[in-house]
Amino acid sequence: MAVRRGDDFGAWHFPCSDPIDFFSRAELDGYACGKPWVTWGRSTEALVTTAPSCYIFSCGYLNGVLSRNGHRPFTELRRQGREVESARGQFVARAEVGRITPGRSEGSPWQLELEELRGRGLYREMPSISGLPGRLIAVEGRQVLNFSSNNYLGLAGHPAVIETGAEYIRRYGAGSTASRLIAGNHEAYRALESFIADWKGTEAALVFGSGYHANLGILSSLTDDRDLIISDELNHASIIDGCRLSRSSVKVYPHLDLNHLEKLLRLNGFRRKVVVTESVFSMEGDRAPLKEISALCESWGAFLMVDEAHATGVIGPRGQGLAAEMDICPDIQMGTLGKAVGVAGAYVAGTRQLIDLLINRARSLVFTTAAPPGTIGSAMAALRIIASDEGDALRANLRANTNTFRRLMQSCLGHSGPAGHIVPFRIGDSDATMRISRQCFTRGVFVHGIRYPSVPEGAARLRFALTSLHTSEDLQVAVSILADVLRDESGPQKP
Ligand SMILES: Cc1ncc(COP(=O)(O)O)c(C=O)c1O
């Protein structure tokens, strides 16, 4: 039987009746001497001589760390203030703690976890970016075509957006100095929120420090353990985390599956039901059928929360989002200021009472320093552009680029993806995706690979973010470089 690094065996669901026999006969799948390994009981005798330092167990009589210095139970190590990884009732098959064997510090408690991520093709690093993010971007000191920024309208580098932010910093200072409920609620906030409420056609609006903060704050303020949240399976991590934080019952429906959604809406016994969906999905680029979802919510007495992170500024009259384009008014409308708006932060738009409740309850608003005045100034300038004729012109450019890109993808790669400014190109395997992304980068195109947990396992992809700044030549270059890279790659799975 093959055993792989990272395999965990529940102590009470061991894969054979005799663990000692199991490990003595197990095929040590590609693990040479000196690599940490899993073991159990007496069979460690044979393995320990080739192991770098020690093994951790958290089951049975071995509940502790076994090293050449002998076996030390967790209880004893804890008394000495040592850090150990433990999982109650679980056989932990991957932990090595160098610190426990002095002089043999090959591994910190985190080392094997990092190795495991590397082994699964999920290890992440932050690229170094310099200069303004436009159609070109400097990554690791190299100027490349940029298909990785959510700067859909190019506003992050717009002179008026930059100037207004700089002016607000000069006038009001670099930082807001406190939470919005204390000394951080600068008058610029009031102006921005009333602008957003007018633009969205709602009674009121509230600005958060980020979309992540907003989603945590909204969901955990409006629902608790008496409630049911019904969420699309591909909703963003900030929505998933908000659901968890709320302590509500959460039911997930398959992506865009309205029949399943309706089944869940029939469930009873909750104080309140909230359906939450993105309008344009961040990693798929497709759109939720908001009109139908809204009608279902109405029929079954549920609230509708829509995350317009990737539609704000880009879709709908004056860039108000997909809900406005569909002519519906969800109970809770959220959008970010860090994507098409080009700055940072997020808004919630709705009734006055909704906003007042969030001001009173949302811990991610109350217990954090308010976004600095420069951010608020820049966001204001960007939203003014979005709601103006200039915004219409930028959206028309983006639409034209979207159409051109689809045509090019279809003719060169036989795949066009959804009709929108986010174009996923599915590869499947994480390693292959990152390799193809690196190859594209080497040839001058920065298109980031997206892997688990941003998308489900096995659904890794390149994600092209199109902007109004790209020229048709940029699009042509990107598609032909991708086609070349795929040709050179042997065997990546095509969508
Ligand atoms: C759908 C969606 N909601 C919320 C967020 C979080 O927004 P922010 O980046 O402002 O924290 C994102 C960001 O990627 C997103 O894609």
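The legends below describe close-up views of a predicted model.

**View 1. Residues around the ligand.** The shell around the ligand holds 14 residues, of which S210, G211, Y212, S282 and A309 come nearest. Helix α7, spanning residues 211–222, supplies three residues, the largest share of this shell. Sorted by class, nine of the shell residues are polar, three are nonpolar and two are charged.

**View 2. The largest nonpolar core.** This core comprises 106 residues. I218, V275, V341, Y347, V348, A379 and A382 have the most contacts inside it. Helix α14 (residues 373–386) gives eight residues to the core, the largest share. The core lies between domain 2 (129–149 + 390–488) and domain 3 (157–386), because both give residues to it.

**View 3. Contacts of A379.** Leaving aside residues up to four places away in sequence, A379 touches L192, L337, V341, V343 and G345. Both A379 and V341 are listed among the core residues with the most contacts inside the core.

**View 4. The hairpin of strands β8 and β9.** Strand β8 (residues 129–130) pairs with strand β9 (residues 136–139) in the antiparallel sense, over two bridges. S130 has A138 in β9 as its bridge partner. Five residues separate the two strands of this hairpin, and G131 in the turn has a positive phi of about 75°.

**View 5. The hairpin of strands β9 and β10.** Strand β10 (residues 142–146) pairs with β9 over four bridges, in the antiparallel sense. The bridge partner of V139 is R142 in β10. Two residues lie between the strands of this hairpin, and E140 in the turn has a positive phi of about 50°.

Note on methods: Residues numbered from 1 in each chain as written. Predicted model: local features only at pLDDT ≥ 70, side-chain atom pairs only at ≥ 80, totals over all residues. Near = placed C-beta within 6 Å. Nonpolar A, V, L, I, M, F, W, Y, C, P; charged D, E, K, R; others polar. Core = buried A, V, L, I, M, F, W, Y, C linked by C-beta atoms within 7 Å. Buried ≥ 20, exposed ≤ 12 C-beta atoms within 10 Å, placed from the backbone. Domains from an automatic or database assignment. Contact = placed C-beta atoms within 7 Å. Pairing = 2+ DSSP bridges.
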